[in-house]
Amino acid sequence: MASVSSSTRTPAMLLATGPISLLTLMADVIRVPEECLAMSFLYLNRYIKFYRSQGLEIPLDQNMLALASLSLASKATEASRRLRDILLPAWRLMQQNKPDAKPLIVPSETYDALRAALVQTELILLRVLKFELRILLAFEFIPSYLKRTVGVLNSGEGGWGGTDDYDHCTQEIKESGQIASFMETGVAKACTASIVEAYKDYQLANFFTARTIAAACLYVTLRKRGLFIQADIASWLRSSISRSIDVEDFEDAVSGLQKLE
């Protein structure tokens, strides 16, 4: 198939309205996993918190800060992308409505200047993060929390029987029956999507532990599906989730998530 020249291609029609929407779109454009996007949001919110706590205005260009957050997050989550892979589509998105806009050429003085600015922004962000890139995210806890809630119906424990053990059946049976892994189920996907949304939020990203966010996302997801916990919250957290989660923090996190809807 012949390649289409840049002059005949349909121009991009999507418009990012801020750093959060730019991050969301760019993550899809460069095909990084949800963990990478959530980590990007976390970096961005921690940077904002650093300056807010000192009563200072954010000195960096917020679009460049968003791109730096995405670049660093891609490295931290082992989904590393080259700077050119980030800069080229980002340039198109931000220049598309300018009548005199031209494609970003590699190499060129413009590209070199943008690359240098992105590297410098990464270094500043690294200092604010104290070079701690591998931050524990709520995704880590969802598999075990789900297993102790939804998963118990598949376990056959307590003399109740249960369904076939889908987690431990042979690969042949999984393929012939098109058996999804537990984290590919609808409830698991909904939980992970809720976690990504949580890390967009300044309060949730900065002031709640990964365990608390995971538990709150699971709880809100179950409620959305018409499923209710048949115990008081404190008992449910202690018996099925984690004894280290503070009940008041959990309730505040749930409230924060519900405000995002």
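**Labels and their grounds**

Tutor: In this predicted model, helix α2 contributes E34, L37, A38, F41, L42 and N45 to a contact with T192, A193, V196, Y199 and K200 of helix α8. The residues of this contact divide into seven nonpolar, two polar and two charged.

Student: What makes E34 and K200 count as charged here?

Tutor: Glu and Lys are both in the charged class, so E34 and K200 are counted there.

Student: Why is α2 called roughly parallel to α8?

Tutor: The two helices, α2 (residues 34-52) and α8 (residues 186-200), pack at an angle of about 20°. Angles under 35 degrees count as roughly parallel, so α2 is roughly parallel to α8. Their axes are 8 Å apart, and the crossing is left-handed.

Student: How do you know that L42 is buried?

Tutor: L42, in helix α2, has a relative accessibility of 2%. Buried means under 20%, so L42 counts as buried. Leaving out residues up to four places away in sequence, L42 touches I135, L137, Y199 and A205. The C-alpha atoms of L42 and D201 are separated by 8.8 Å, although these residues are 159 residues apart along the chain.

Student: Why does T192 count as buried?

Tutor: T192 is in helix α8, and its relative accessibility is 11%. With the cut-off at 20%, T192 therefore counts as buried. Beyond its neighbours within four places in sequence, T192 is in contact with E34, F139 and M183.

Student: What makes the pairing of T192 and E34 a polar contact?

Tutor: The side chains of T192 and E34 make this contact at 3.4 Å. The limit for a pair of N or O atoms is within 3.5 Å, so the pair meets the distance criterion.

Student: Where does S242 lie, and is S242 buried or exposed?

Tutor: S242 lies in the loop between α11 (233-241) and α12 (247-259). Its relative accessible area is 9%; buried means under 20%, so S242 is buried.

Student: Which residues does S242 touch, and which side chain does S242 join in a polar contact?

Tutor: Not counting residues up to four places away in sequence, S242 touches Y145, R211 and L237. Its side chain is joined to that of S244 by a polar contact of 2.8 Å. That value is also within 3.5 Å.

Methods: Residues are numbered from 1 along each chain as its sequence is written. This is a predicted model: local features need pLDDT of at least 70, side-chain atom pairs count only at pLDDT 80 or more; totals for chains, interfaces and linings use all residues. Side-chain values use heavy atoms; hydrogens and water are left out. Helices (H or I, at least four residues) and strands (E, at least two) are DSSP runs, numbered from the N terminus. Buried means under 20% relative accessible area, exposed over 50%, partly exposed in between (1.4 Å probe, protein chains only). A polar contact is a pair of N or O atoms within 3.5 Å; within protein, one must be able to donate a hydrogen and the other to accept it, and residues adjacent in sequence count only if both atoms are side-chain atoms. Contact means heavy atoms within 4.5 Å. Axes are lines fitted to C-alpha atoms, for helices over the stretch in contact, and angles run from 0 to 180 degrees between N-to-C directions. Angles under 35 degrees count as roughly parallel, over 145 as roughly antiparallel, 65 to 115 as roughly perpendicular and the rest as oblique. A crossing is left-handed if the near helix is turned anticlockwise from the far one by less than a right angle, and right-handed if clockwise.
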